[in-house]
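The sequence and the structure come first.

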Amino acid sequence: MQTKYDSAKTTSLENYGIKNDNIHWNLSPEKLVQICLDKNQGSLASSGALAVNTGKFTGRSPKDRFIVKDEISADRVWWDGNINQPFDEAKFDTLYNKVVAYLSTKELYARDAFAVADKTYQVPLRVVTELPWVSLFAYNMFIRPKKEELENFSPEWIVLQAPSFMAVPDRDGTRQENFTILSFKRKVVLIGGSGYTGEVKKGIFSALNFTLPVFKKTFPMHCSANQGEKGDTAIFFGLSGTGKTTLSADKNRRLIGDDEHGWTPDNKIFNIEGGCYAKVIDLSAEKEPEIFGAIKKGALLENVIFKKDTNEVDFEDVSITQNTRVSYPIHHIENIKVPSIGENPKNIFFLTADAFGVLPPISKLTPGQAAYHFISGYTAKVAGTEEGVNEPLPSFSACFGAPFMPLHPTKYAEMLSAKMKETNVNVWLVNTGWTGGPYGIGNRMKLKYTRAMINAALDGKLNDVEYVNHPIFKLAMPTSCESVPTEVLSPKDTWSDKEAYDAKANELAKSFHKNFETFKDLANAEILNGAPIQ
């Protein structure tokens, strides 16, 4: 079936069980946007970007993510019962057949793409969806094949996304109507009941977080990365809201990628993606000019609100969700590394938004401390970010990306420690959170100070300054840094009530120890020694 939108058909989907001629193959962004407008599935913002609403789900649903337990996964996946939940193989096969039967009756959009910029490790993908803007998202977020690469394209992994298909939990083995299920044997990411695009992106990332270390001896990382003029690569780990995308988008450094990377055995850093997926809450041209400028024709805005009687986005409006997002191809950022591959990193930054105002704004970590804080993956939730959160709460996500890590966190931490020792890379803990007191009393660390400290680390200006150790967390804190007031560098000095600081620091240290109980039996002595004092 040909329509006014169609490009050349590449193949059928019958080998996946989808018997359907109503398939649009590898449509251009322009055609996909036009389809969305024709079907009233989106609106054009004043910037030229397409704005859509993802429906019931405006974020991932981690409790509804499963991994098929089979001969490949059974003895390798960390079945913690919370993040990596097993799914019966027979039930998966039955549910898969139901989904492909459903998709056989719908108008579909198929997209061929690659994950991983380094061709040695590159993975061909196929994304099949019933929503045209999800196909646009896949175009933006994955690596776009050249025309000649599409001629004999053979995908290794396939994503089947059926947002209108609802599971019956008692019958299908899911928790509720929506689900994301990974099968490492069949190399399928099966998504139903959710239109949130992040499930597509993170489904593939979760798959590679298993296959890269197990089969390719490559360390997968939930991080951003950039490269300086001298070829020095920097890596930024951090959970949502800590500044990972913001701090890696630096006009003086070339962006390699903003979220997902691999570190190869021969010490190259490659971007897994071909685009960026940035939060846009409170976005402004003044604070984040690179990201703001990337929101133009071809970009996809999710769950934003326009200012009254206009098509101008109100980035402060969170009436739909605080998780407002934009996806865009990486070339929407002017200063990028092409191809998206960097040399061995010289500096790694762990970003945390400590709402308790306890951690130093920057500190240098030993290999043991780096592994400990990597496994911990600490940040803090503040009031209003989630229902029921009325005061700051510590939040831990192993490896700064627990929902996407199928192996035990110590496996990834050991890979990081080995890389640190092999390459002599510097690892820094950077607090982008509060100073002068906890949330509600202190203030958020100024972005200009954070950038100054990171630049000082990148330029080697913190190599020869004096350091003192934090009395509880044992972190090495510089006593001076260019363009940063000295008192800012020691968190206790910014508090008017020193006893209150000590109490809060001890309270946070206890939270670290409690969280680490899950991992300590598999952690070596060096990692355990990286913990704060009890």
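Strand β17 (residues 300–302) runs antiparallel to strand β20 (residues 325–329), and the two are joined over three bridges; strands here are DSSP runs of E with at least two residues, helices are runs of H or I with at least four residues, both numbered from the N terminus, and two strands pair if DSSP finds at least two bridges between them. Within this pairing, Leu300 stands opposite Ser327 of β20. Both strands belong to an open sheet of five strands, ordered β2-β3-β17-β20-β16, in which the pairing is mixed. The edges of this sheet are β2 and β16 (275–279), each of which pairs on one side only.

The model is predicted, and local features therefore need pLDDT of at least 70 while side-chain atom pairs count only at pLDDT 80 or more, although totals for chains, interfaces and linings use all residues. Residues are numbered from 1 along each chain as its sequence is written, and side-chain values use heavy atoms, with hydrogens and water left out.

**Strand β6 and its neighbours**

Trp25 has Ala110 of β6 as its bridge partner, while Phe114 stands opposite Pro124 in β7.

Asn20 is placed in the segment before β1 (23–25) and counts as buried, at 11% relative accessibility. The side chain of Asn20 reaches the backbone nitrogen of Asn22 at 2.6 Å, and a polar atom of that side chain lies 2.5 Å from the backbone oxygen of Lys106.

**Helix α9**

Helix α9 (residues 367–376) is largely enclosed by the rest of the structure, because nine of its ten residues are buried. Among the buried residues of α9 are Tyr372, His373, Phe374 and Ile375. Just after the helix, Gly377 takes a positive phi of about 55 degrees.

**Salt bridges**

A search of the whole structure finds 24 salt bridges, a salt bridge being a side-chain nitrogen of Lys or Arg within 4 Å of a carboxyl oxygen of Asp or Glu.

| Pair | N to O distance |
|---|---|
| Lys39 and Glu107 | 3.0 Å |
| Asp64 and Arg175 | 2.9 Å |
| Glu312 and Lys307 | 3.1 Å |

Asp64 is buried, with a relative accessible area of 1%, whereas Arg175 counts as partly exposed at 44%.

In the pair formed by Glu312 and Lys307, Glu312 is partly exposed at 38% relative accessibility, and Lys307 is partly exposed at 36%. Elsewhere, salt bridges that share partners join Lys201, Lys202, Lys244, Asp259, Glu260 and Glu273 into one network.

**The second largest pocket**

The second largest pocket has a volume of about 410 Å³. A pocket is found on a 1 Å grid over the protein atoms alone, as an open set of points where a 1.4 Å probe fits, with protein on both sides within 12 Å along at least five of seven lines, and its lining residues have an atom within 4 Å of a point; grid points are joined across faces, edges and corners, and the volume is the space filled by probe spheres set on the points. Of the 18 residues that line this pocket, Ala117, Ile143, Arg144, Pro339 and Ser340 lie nearest its centre. The lining comprises eight nonpolar, four polar and six charged residues, with Ala, Val, Leu, Ile, Met, Phe, Trp, Tyr, Cys and Pro counted as nonpolar, Asp, Glu, Lys and Arg as charged, and the others, Gly among them, as polar.

Terms used:
Buried means under 20% relative accessible area, exposed over 50%, partly exposed in between (1.4 Å probe, protein chains only). A polar contact is a pair of N or O atoms within 3.5 Å; within protein, one must be able to donate a hydrogen and the other to accept it, and residues adjacent in sequence count only if both atoms are side-chain atoms.
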